[in-house]
Amino acid sequence: MNRRVFNFTAGPSMLPLPVLKRAQEEWLDFNGLGASVIEISHLSPDFKEVVYEVERLLRELLRIPANYRIAMAHGGGALGFSMVALNLMALRQARKALYVNSGYFSGRAATEAAKYGTVVEIASSEPTGFDRIPALDPGTLDREASYLHITTNNTMVGTRWQTFPDTNGVPLVGDATSEILSRPMDIARFGVLYAGAQKNMGTSGLNVAIVREDLLGHALHITPKMINYGQLSRDHSLTNTANTFAIYMARLVLEWIQTSGGLEAIDAQNERKAALVYEALDRHTGFYKPHAHPAHRSRMNVTFKTPSEALDAAFVAEGNAEGLYALKGHRFFGGMRASIYNGMPLEGARALAGFIDEFARRHG
Amino acid sequence: MSTSPAKIRPVAGKARPAPGGRVYNFNAGPSMLPLSVMEEARAALLDFAGLGAGVVEISHRSKEFLALVEESFVLLRELLAIPANYRILLAHGGGQLQMSMVPFNLIAYRPARKALYVDSGLFAARAFEIGARYGYARVIAQSRDDDYAYVPACDRSWLDPEASYLYIATNNTVMGTRFQQFPDTGDLPLVGDMTSEILSRRFDVSRFGVIFAGAQKNLAPAGLAVVLIREDLLGHALPETPRILNYAELAKDSHSLANTPTTLSLYMMCLLLRWVKQEGGLPEMERRAERRSRLLYDAIDRSGGFYRGYAQPAHRATMNVTFTLRDEALLERFLAEADRAGMYALKGHAARGGVRASIYNSMPSEGVQLLAGFMTDFQRRAG
């Protein structure tokens, strides 16, 4: 086997080695059945046990209150954008939704929602190139709105909400795709918290929504059953043939988080990893230009540039040669992006920090 | 940091007759995959294409992953002889999300917003109910009154020229029936749900406006659907269609990657398509499917009524063989003994009961021989 690289891709992303090894170990023979977990019925007792375990571990790790339901659907965060609006837009008669524009995916979410009602952009950091989370005055929020949507971590630009806003009684909907399970979160602050699985919860093709019970039952008539929160949660997310591999991998990842000490330990580890990388960048202020305003930095996605595009390209290529894989920034943004999700070991962040120093010394 | 160790203990007293010490898996889907494909995928979980990263850990936009998608498109075109004016689309979910995507995308193809359905089984009926949410859906032929034992005839004179499409399920997974021939619909786009039989028989793609298939039977693990669509049918979606469910949006990207796809399924589809080609393509898949299903149907027909096939003989599927026992009190024993002998998941669908042997492309003929032999032996002992 080739040497395993430190994989900084934004998602699908690096998984913990013990998770992959476990998946390999039981790949041909799950639970002693003589068949793989991807070859058995989603309705078999063996697979239902996997789903129940994912629900149980999510509840335990995220401390999900009893009045919240879990709905797992096909597609990633992008289908999640439509699900939010299809399920919630009609919650209040005005069919109005408030969106905070803090990055590319926030905009995508708002565009989808506008198909089903009135979308109001109540704050935007676009004028400053999405380098921060825009300020929000809770007192001005329209109480007739069905919900307020935020992107808790902005994957492409590398910013995050450090704390979550008070919403004046409007249900808060959070897209936590690129940071779920990276820190403890007070679920009770949210009406809906949702996330594509392919960063911190396993592999792609799955999205998970945590929905407060009283928000169920308002889906528009055209909503397909497979993306209806109420239907999914009633069916334990087995409304149709589920993405069995992604659900199985989510179970392995959740087990790994639990045996690693839960979200408090993961949180501390992520703090150390992000500090290593940001401190390295900040040691060379004349050379590297981190994109995010320091007070709004994401701990999952670190975005930065060198003085020139040619040096950016050299950074990516030389990093790759040293086993630091996929450091290239998003095609809309350029520069570099180091995604350091839960699956990235501390040694990976340390190796990147060392390379950041070394590259600046050689080219600075 | 570690996960709890895997506990792989063969279930006591159960035979493992299939290659690799596995069982013959007759599940209706997700279904059995070829051992060689499974073994290659296992290695790729940790290291794909020499990258030092697993296939489910890399970007769907990386050149290594895009190459897989490109190869899959070439193989699909070649194996199914897809004409140049058809696009191949990749969608999330399985066949059932397509039951919504078809009306979202096609019911407004003609201004009357009418859709015609043939009610030939459980999933066809479900598709009709869903279609009715988006426009005027009508059943033009049905076999529901006869417990779906056959595929109803579909006379061309019943077709409404104002309709946007006619929807059929070409193979009825739960009932074990299939369209032996496809209706001629003239200018009316024919939509075919081929989830449970794609790549198992030769057919003329150009007879259809849209063909879709959930991947989890003959294409790949679950979570993916493949759609073949004639180009002129793109661009008629209802304005409220979610972007990820809009065929025209899926067609915009040359790799049909409108967002992060389910990468494991796409990767394994590529492996499976290579396998189908290497084994001899569709002519060989069709020949094997005929042979496998004949073995089981012969066992039913020779049993003197001990086994009773659900499907009328002229309408029998080659992918799903459904039957029960004359003495239904013996059913549980039949299923339990088969399971112990290494034939897994033979229990029929909850709505139908009895026995269902799903014998997709990946089922080796030895698995079917084992089952046919078991049926004869069981009858001798219990009959």
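Mentor: Let us begin with a helix: the buried residues of helix 8 of chain A are covered by elements that include strand 12 (301-305), strand 13 (324-325), strand 14 (336-339) and helix 9 (346-363) of chain A, where contact means heavy atoms within 4.5 Å. This is a predicted model, in which local features need pLDDT of at least 70, side-chain atom pairs count only at pLDDT 80 or more, and totals for chains, interfaces and linings use all residues. Residues are numbered from 1 along each chain as its sequence is written, chains are lettered from A and ligands numbered from 1 in the order in which they are written, and side-chain values use heavy atoms, leaving out hydrogens and water.

Trainee: Which residues of helix 8 of chain A are called buried?

Mentor: They are A:L311, A:D312, A:A314, A:F315, A:V316 and A:G319, and the word means under 20% relative accessible area, with a 1.4 Å probe and protein chains only.

Trainee: What makes strand 9 and strand 10 of chain B a pair?

Mentor: Two strands pair if DSSP finds at least two bridges between them; 5 bridges join strand 9 (residues 210-214) to strand 10 (residues 224-230) of chain B, so they qualify, and they run antiparallel. Within this pair, B:A213 stands opposite B:V226.

Terms used
Helices (H or I, at least four residues) and strands (E, at least two) are DSSP runs, numbered from the N terminus. Buried means under 20% relative accessible area, exposed over 50%, partly exposed in between (1.4 Å probe, protein chains only).
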